[in-house]
Amino acid sequence: MITVNDIIKTIETLAPKHYAESWDNVGLMVGTVGGIVNKVITTLDITPEVIDFAIHEKAQLIISHHPFIFKGLKSINLDSVQGSMIERLIKHNIAVYSAHTNLDIADGGLNDMLARRLGLQDIRGFVPLGSDMMYKITAFVPESSADAVRSAMAEAGAGRIGNYDCCSFSYVGEGRFKGNANANPTIGNIGTLEVVQEVAVQVIVEEKMLSQVLMAMKEVHPYEEVAYDVVALAEPRCGRTLGRVGILPEAMDVDVFCDYVQECLPHSQLRFGGVKKELIKTIALCSGAGASFLKQATVADAYITGDVKYHDAQLAKELGVLIVDAGHFGTEEIVADGLAQYLLEQAELQAWNIQILPFHEQEDFFFTVP
């Protein structure tokens with residue numbers, strides 16, 4: 001049986017909670033981690049309509065991008081819209097989990113989803129935010145079990161270096177041990193000093209995956225007491241960035257570019273400001289509200305984001321940047337499909353018998369009048 005906690009662990013492998021900005025609220029909003037899950041709904045926002053959909057579909061978990069509870073609640077008034085939604089979620093045993101700025105920042109997260117939707121190539125990070133520690137694990141394993149331990153750690157996320165995975169280093173040595181009266185040794189006898197040919201298997205791992213890699217290693221290790229080292233590395237580190245920069249498949253003039261963006265983001269109510277460029281090739285982007293990064297966007301011919309104000313467009317003109325306001329909704333509504341696709345891939349890998357449905361009925365809170 002798959003639990004809410006199983007789904008949360010999978011989401012946080014993609015978007016660790018510690019990636020979130022200090023002002024943000026991410027994680028389990030409503031429900032219990034022990035709840036059994038057969039069906040998951042993915043969505044941008046938690047609205048009465050998505051709750052209706054989840055109830056109709058008999059889902060047990062909704063995963064949203066925007067936090068359902070953002071500021072601290074001082075009361076739960078069931079006559080209010082939010083209070084009524086909380087009441088309905090609890091009555092129907094539906095949990096809610098939100099991944100917000102941690103999903104914006106994550107590799108493979110919302111900004112990468114947006115870059116892929118726009119068909120960008122040579123995608124790289126846009127605004128540096130800091131870096132995470134990398135660790136080296138050395139596990140001491142009997143020679144006959146070394147391959148199993150290597151594989152288990154690699155499958156849990158260890159040994160990824162640039163464009164390579166399953167990376168490890170090994171050397172052979174001798175292990176010595178003597179079990180006391182309470183021991184249950186895999187090799188040898190109680191009270192006898194044993195000398196065993198062992199392999200030291202070394203891998204590096206990102207901080208966010210350290211605990212799951214250690215757990216995977218211990219699960220397949222044959223010894224009753226596992227000997228291993230964990231060392232924090234000064235270099236390399238795993239850098240975090242917000243937004244992305246990439247290259248269009250071919251340079252476009254401004255008219256073709258405007259049509260192209262509208263085609264890629266059909267639910268966006270596009271506005272253009274700043275400077276019209278003759279040719280547009282390099283794109284910077286930040287989903288949601290990213291106008292505060294305009295000065296960094298001078299590396300690109302055009303900057304795509306949302307929630308652009310009048311003076312942001314003025315600054316873009318001064319900086320010589322074409323700014324595209326694709327709207328907060330327009331740059332982020334793709335998250336429902338993106339999260340659903342990620343969970344479907346994980347469900348296949350982990351042999352989960354669950355359904356994942358993206359909610360497609362949400363509309364922008366802004367609308368145009370004919």
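Please keep in mind that the model is predicted. Let's start with the helix packing. Two packed helices are described by the angle between their axes and the distance between the axes.

The first topic is α1 with α11. Helix α1 covers residues 4-14, and helix α11 covers residues 335-349. Their axes come within 11 Å. The crossing angle is roughly 115°. Angles of 65 to 115 degrees count as roughly perpendicular, so that is how α1 and α11 stand to each other. The crossing of α1 and α11 is right-handed. Who makes the contact? On the α1 side, Ile7, Thr10, Ile11, Thr13 and Leu14. On the α11 side, Leu339, Tyr342, Leu343 and Gln346.

Now to α2 with α3. Helix α2 runs over residues 48-57, and α3 over 81-91. Here the axes come within 11 Å and cross at roughly 10°. Angles under 35 degrees count as roughly parallel, so α2 and α3 are roughly parallel to each other. What is the hand of the crossing where α2 passes α3? It is left-handed. From α2, the residues are Pro48, Ile51, Asp52 and Ile55. They meet Val81, Met85, Arg88 and Leu89 in α3.

Last, the surface. Which residues make the nonpolar patch of about 260 Å²? Leu73, Ile76 and Leu78. Where does Ile76 lie? In the loop between β3, residues 61-64, and α3. That brings us back to α3, the helix that α2 passes with a left-handed crossing.

Key
Residues are numbered from 1 along each chain as its sequence is written. This is a predicted model: local features need pLDDT of at least 70, side-chain atom pairs count only at pLDDT 80 or more; totals for chains, interfaces and linings use all residues. Side-chain values use heavy atoms; hydrogens and water are left out. Patches are made of residues with over 30% relative accessible area and no salt bridge: like charges are joined within 9 Å, nonpolar side chains (Val, Leu, Ile, Met, Phe, Trp, Tyr) within 5 Å. Accessible areas come from the Shrake-Rupley method with a 1.4 Å probe; for residues, only the protein chains shown count as cover. A salt bridge is a side-chain nitrogen of Lys or Arg within 4 Å of a carboxyl oxygen of Asp or Glu. Helices (H or I, at least four residues) and strands (E, at least two) are DSSP runs, numbered from the N terminus. Axes are lines fitted to C-alpha atoms, for helices over the stretch in contact, and angles run from 0 to 180 degrees between N-to-C directions. Angles under 35 degrees count as roughly parallel, over 145 as roughly antiparallel, 65 to 115 as roughly perpendicular and the rest as oblique. A crossing is left-handed if the near helix is turned anticlockwise from the far one by less than a right angle, and right-handed if clockwise. Contact means heavy atoms within 4.5 Å.
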